[in-house]
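Trainee: Can you take me through this one? I'd like to start with the strands.
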Amino acid sequence: MVLDPEGPVLVEGPVEIVLEDGSTVFSDRFMVALCTCRRSRRYPLCDTSHRGKKRSGGSAPGKAGEE
Ligand code: FES
């Protein structure tokens with residue numbers, strides 16, 4: 001299992017996921033991305049919607065002092 005604090009949890013498949021309501025979702029992929037942000041339209045499977053939640057507003061490291 002791989003934990004990414006800003007993305008999905010990656011687990012080796014195949015997996016059967018039991019949801020709060022008792023329903024189940026099965027994936028036979030060799031690696032399954034489980035959504036932790038709850039933005040996925042395919043919840044509990046990650047659909048990469050977590051990527052749209054932020055943008056880096058910082059600037060790239062400069063080369064100050066170079067001429
Ligand atoms: S973690 Fe990827 S959509 Fe939620």
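Mentor: Start with a definition: two strands pair if DSSP finds at least two bridges between them. Strand β3 (residues 15–18) and strand β4 (residues 24–27) are joined by four bridges, so they count as a pair. The two run antiparallel. Keep in mind throughout that this is a predicted model.

Trainee: OK. Which residue in β4 does V18 stand opposite?
Mentor: V18 stands opposite T24. I17 stands opposite V25, also in β4.

Trainee: And what do β3 and β4 form?
Mentor: They form a hairpin, with five residues between the two strands. G22 sits in the turn and has a positive phi of about 90 degrees.

Trainee: Step back a bit. How many helices and strands does the protein have?
Mentor: The count is zero helices and five strands. Along the sequence the pattern reads β-β-β-β-β.

Trainee: What do the other strands do?
Mentor: Three strands make an open sheet, in the order β1-β2-β5, with antiparallel pairing. The edge strands are β1 (2–3) and β5 (31–34), each of which pairs on one side only.

Trainee: How many bridges join β1 to β2?
Mentor: Two bridges join β1 to β2, which covers residues 9–12, and these strands run antiparallel. L3 has V9 in β2 as its bridge partner.

Trainee: What actually holds paired strands together?
Mentor: In general, strands of a sheet pair through backbone hydrogen bonds, and the pairing can be parallel or antiparallel.

Trainee: Let me pick a residue in β5. Is A33 buried or exposed?
Mentor: A33, which is found in strand β5, is buried, because it has 23 C-beta neighbours inside 10 Å and the cut-off for buried is 20 or more.

Trainee: What does A33 touch, leaving out residues up to four places away in sequence?
Mentor: A33 touches P8, L10, L45 and C46. Take L10: it is 23 residues from A33 along the chain, and the C-alpha atoms of the two are separated by 4.6 Å.

Trainee: How much of the protein counts as buried?
Mentor: Of its 67 residues, 9% count as buried.

Trainee: Go on, then. What is the phi of R38?
Mentor: R38 has a positive phi of about 65 degrees, although it is not a glycine. T48 is not a glycine either, and its phi is positive at about 75 degrees. R38 lies in the segment after β5, and T48 lies in the segment after β5 too.

Trainee: Is R38 buried or exposed?
Mentor: R38 is exposed, because 9 other C-beta atoms lie within 10 Å and the exposed class takes 12 or fewer. T48 has 13 C-beta neighbours inside 10 Å, so it counts as partly exposed.

Trainee: What about R39?
Mentor: R39 is found in the segment after β5. It is partly exposed, with 15 other C-beta atoms within 10 Å. Not counting residues up to four places away in sequence, R39 touches S49 and H50. The C-alpha atoms of R39 and R51 are separated by 9.9 Å, and the two residues are 12 apart along the chain.

Conventions. Residues numbered from 1 in each chain as written. Predicted model: local features only at pLDDT ≥ 70, side-chain atom pairs only at ≥ 80, totals over all residues. Contact = placed C-beta atoms within 7 Å.
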